[in-house]
Amino acid sequence: HSPPPNAVLAMARLLALRTFTLRLGLCVGLAAAATSWRPGCLHDQCQVQTARSDNATAVLEEALAVITAAPEAILATLAQSAAKQAVPDINARVVSPKPLTPVVNASSLEVVYIDTNSLSRKFAEIKSAIAEYGTARANLLHYDVDGVGYVAMRGCATICSAEEAKQVWWEEGWKPFYPQGPNTPNYAVIRFEPDWLEISVAGRFNISSGRKDWLPVSLARSAGSWHVEVAPVAPPSPPVPPPTPPATEQWRCGVCQHVYNPEKDGSGLRFEELPSSWTCPICGAAKSAFREQLLADGSEGWVHEDESEQWV
């Protein structure tokens, strides 16, 4: 279907900010050595051993947050061509995947559903790739403009059966494009099963690998579970704010220098709660003789109208 206006705007902003090269996983890449990582223990020097599946779960949770913040995505598939090409072309378009379910463990995020039309180009490209190569590899990219980051996934794409397409119908997001709901003619759904995920976020979470070769934080999926391939490093620790100094409230008489004691002089009342008729229990000075003032150390105090007489 034609992308909604906000999706087109997101794509335009994406292209204006950064150029992405989308590559399908047709070639074998070098495997990156994983670094031991877990929430709260992100440094390479950390000696605490943690299950890799736990690490993957934490990364998946952060990836889901980015995807939720940037729901539209760019789906790239192998292009169809009349003539055989040594290196196939790639087509990309903006799509609106169905929202993902919450991350529970390292086996989460196993399927992404993307609506389409059986007459669309991406539908034909997936069918063609399966017929020619036995599988249709694809790439799905979510770019979080506000969070300055992205989540990219690559995996296998297939076309859902008519029954599954009806089961995964997303009323809120897809209804405007399919007036009869899942019974609309030519309604179809792409089933995308990712087996590789990479994430890099500079603004929202500050997630990066810190590697000199710039390889992003990456997960690989095998045997139904994700595991860390390129681990994140710890972001700089935020500065610890200084402790808040305890409140030092004193009300001193500007005539006799008596310090007001709430329990003894005012039945437990704060100075501000005293009636205007209250007077100093020592010298009888009126309450109106005191005024509130911000002292040099930042604390609040009360001083006598006579500026030469001030308590701290």
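Let's start with Arg270, which counts as partly exposed at 41% relative accessibility (buried means under 20% relative accessible area, exposed over 50%, and partly exposed in between, using a 1.4 Å probe and protein chains only). This is a predicted model, where local features need pLDDT of at least 70, side-chain atom pairs count only at pLDDT 80 or more, and totals for chains, interfaces and linings use all residues. Residues are numbered from 1 along each chain as its sequence is written, and side-chain values use heavy atoms, with hydrogens and water left out.

**Salt bridges**

- Arg270 meets Glu272 in a salt bridge, 3.5 Å from N to O (the rule asks for a side-chain nitrogen of Lys or Arg within 4 Å of a carboxyl oxygen of Asp or Glu).
- Glu272 is partly exposed too, with a relative accessible area of 36%.
- In total, the structure holds 9 salt bridges.
- One of them brings the side chains of Glu164 and Arg191 together at 2.5 Å, N to O.
- Glu164 sits in helix 4 and Arg191 in strand 6, so this pair ties together parts that are 27 residues apart in sequence (helices, H or I with at least four residues, and strands, E with at least two, are DSSP runs numbered from the N terminus).
- Glu164 is buried at 17% relative accessible area, while Arg191 is partly exposed at 21%.
- Arg191 also meets Glu193 in a salt bridge of 2.9 Å, N to O, and Glu193 is partly exposed at 36%.

**Strand 6 and its neighbours**

- How many residues of strand 6 are buried? The count is 11 of 15, so the strand is largely enclosed by the rest of the structure.
- Strand 6 pairs with strand 5 (residues 149–159) in the antiparallel sense over 11 bridges (two strands pair if DSSP finds at least two bridges between them).
- Gly149 stands opposite Val201 of strand 6.
- Strand 3 (residues 112–117) pairs with strand 6 in the antiparallel sense as well, over 6 bridges, and Thr116 has Ala188 as its bridge partner.

**Aromatic rings**

- There are 5 aromatic pairs (rings of Phe, Tyr and Trp, using its six-membered ring, pair if their centres lie within 6.5 Å; planes under 30 degrees apart count as stacked, over 60 as edge-to-face and the rest as tilted).
- Trp169 and Tyr187 have ring centres 5.4 Å apart and planes at 75°, so they are edge-to-face.
- That pair links distant parts of the chain: Trp169 is in the loop between helix 4 (162–167) and helix 5 (171–174), and Tyr187 is in strand 6 (residues 187–201), 18 residues apart.
- Both Trp169 and Tyr187 are buried.
- Trp170 and Trp174 are also edge-to-face, at 5.9 Å centre to centre and 75° between the planes.
- Trp170 is buried at 19% relative accessibility, and Trp174 is buried at 0%.
- Ring pairs link Trp169, Trp170, Trp174, Tyr178 and Tyr187 into a cluster.

**The protein as a whole**

- The secondary structure comes to 6 helices and 11 strands.
- Of the 312 residues, 40% count as buried.
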